[in-house]
Amino acid sequence: MTLHWNPEQIDSLLRDMASALESMDGADEAGTTALVGIESGGAWVARALNERLGKPLPLGVLDANFYRDDFEKRGLKKSIKPSKLPFDVEGAHLILVDDVLMTGRTIRAAMNELFDFGRPASIRLMVLFDIGRRELPIRADICGEVLSLPADQRVELSGPEKLEASVQAVRNGH
Amino acid sequence: MTLAPPSSRVQLTDDGKLRHFLSLEHLSRPLLEDILDTAAGFVDVGGRAIKKVPLLRGKTVVNLFFESSTRTRSTFELAAKRLSADVLTLDIAKSATSKGETLLDTLRNLEAMAADMFVVRHQDSGAPFFIAEQVTPRVAVINAGDGRHAHPTQAMLDMYTIRHYKGGFEGLKVAIVGDILHSRVARSQIHALNILGAEEVRVIAPRTLLPADADALGATVFTDMVQGIEDVDVVIMLRLQKERMDSALLPSEGEFFRLYGLTNEKLCHAKPDAIVMHPGPINRGVEIASEVADGPRSVILNQVTFGIAVRMAVMSMAISGQESLAAAQAAREESGHGH
């Protein structure tokens, strides 16, 4: 199994994802279609994806930490960034982007936050890596690579300029 | 009532997280910066279609106001509601304690209602410390102003405002003008500015409105407004607290305005891009002229907006600290049973 993805390999995954997004059905021409990256890795991926699209989309970032269901267990993360959605969420077709999909809880938190900005017409999910271990019925519409990792390993993305990823041992038990 | 003990011992968990928020004395610069950074995440919540985040959903916040206040009470109430907490506001001056119930009886009753946080405003210095030392574990206490001692959330919203407009504190000269003697806000502002690294903090007031230990406050004292305001980046005007003056400390309000009231003419001596702040409510024509209060350099209303975000930050960090304390306690008990 590959344990490291260099910038060229990440670029290849992103180009495939951008191509899949452009050929995806269902984006309503009449409404806004926008990318929403989840801080911080998802925001890096969303920005990189947008650069690889033939026609860039409006781009927003979301920090879903105020919406997580494990606040009581993990406490408040330091340096939470304000969410910025520079378009009208009401009636928009949103492409939610994250770097890694695991339990699905971050995606749930992000969707809860999106609905506090308005009622989107649709939400689709794009992730760079899907490492399974789902705890909620959430799946990605477009995925760069599906991995099967032991419970004590996680894939971590570094960036934001040069995106690289590697499999790391789990820290702090989360 | 006992005066404030060293605040870090009461306010912080063993690993340095905020547990109560009572005073800025002895708190660290990283912690204050953490509060400001967390508040930045909350500022935009007020502009959303749904002005709420679910962080304190299911928690109960009790506003205990032993001293009347409209603005502070309503911003704390709004901050708690924007965090999705259930909020109970008690005007204690008019309720149980006036029927003979002691403060401790009142606290025990509120704890029995499963309160998670007390926001306390009290006319006596040290009252929130006393309450923080008496409450059961898992209840956070936030000081919303005690006597002449401290008003830490007001000072932090002022720091947020300064950082927002000036980018930081390095090299900043800040003047605090007016009734320093009665102002818990001024005391907390001076602590905050010194901790956060402002270059110079000045207090400007007539001798009768300066505390006897003014020099020990950590600020340079001026009794001449024009000299004091020279070349400053920030002017913080204080409210003349007429209700706290039990003796004739001033010849007249007109005389005070002439010597210490902020007019455009006096403001010319500050830096051209200086901002003007005021904790409110303002006495127009007493400590500040309307032309300044409503003028382009005034950020007084922005202070109010930022105040909600800063209070949201402090409340969520204190609840988070209590949760981590409870988790550590549970882990200790579990390992104890394990042996």
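A word on conventions. Residues are numbered from 1 along each chain as its sequence is written, chains are lettered from A and ligands numbered from 1 in the order in which they are written, and side-chain values use heavy atoms, with hydrogens and water left out. As the model is predicted, local features need pLDDT of at least 70 and side-chain atom pairs count only at pLDDT 80 or more, while totals for chains, interfaces and linings use all residues.

First, the interface. Here 21 residues of chain B are in contact with 19 residues of chain A, contact meaning heavy atoms within 4.5 Å. The two chains bury about 1,700 Å² between them, 58% of it on carbon and sulfur atoms; buried area is the accessible area (1.4 Å probe) that two parts lose on being put together, summed over both. Asp44(B), Arg48(B) and Leu55(B) supply 31% of the area that chain B buries against chain A, more than any other three residues.

The rule finds two salt bridges across this interface. A salt bridge is a side-chain nitrogen of Lys or Arg within 4 Å of a carboxyl oxygen of Asp or Glu. Lys84(A) and Asp44(B) are joined by a salt bridge at 2.8 Å, N to O.

Next, helix α4 of chain A, residues 105–117. Helices (H or I, at least four residues) and strands (E, at least two) are DSSP runs, numbered from the N terminus. The 13 residues of α4(A) reach 19 Å from first C-alpha to last, close to the 18 Å expected at 1.5 Å a residue; the expected span is 1.5 Å times one less than the number of residues. Its buried residues include Ile107(A), Leu114(A) and Phe117(A), where buried means under 20% relative accessible area, exposed over 50%, and partly exposed in between (1.4 Å probe, protein chains only). Among the elements that cover the buried residues are β2 (33–38) and β5 (122–130) of chain A. After the helix comes Gly118(A), with a positive phi near 155°.

Now the salt bridges over all chains, of which a search of the whole structure finds 26. Arg105(A) pairs with Glu135(A), the closest N and O atoms being 2.6 Å apart. This pair links distant parts of the chain, with Arg105(A) in helix α4 and Glu135(A) in the loop between β5 and β6 (142–146), 30 residues apart. Both are partly exposed, Glu135(A) at 46% relative accessibility and Arg105(A) at 29%.

In chain B, Glu111(B) and Arg108(B) form a salt bridge at 3.0 Å between the closest N and O atoms. Both lie in helix α4 (residues 103–112) of chain B, three residues apart, about one turn of the helix. Glu111(B) is buried at 14% relative accessible area, whereas Arg108(B) is partly exposed at 36%.

Last, Asp233(B). Where is Asp233(B) placed? It sits in the loop between α8 (225–229) and β8 (234–237) of chain B. Asp233(B) counts as buried because its relative accessibility is 7%. Its side chain makes a polar contact with the side chain of Lys271(B) at 3.0 Å. A polar contact is a pair of N or O atoms within 3.5 Å; within protein, one must be able to donate a hydrogen and the other to accept it, and residues adjacent in sequence count only if both atoms are side-chain atoms.
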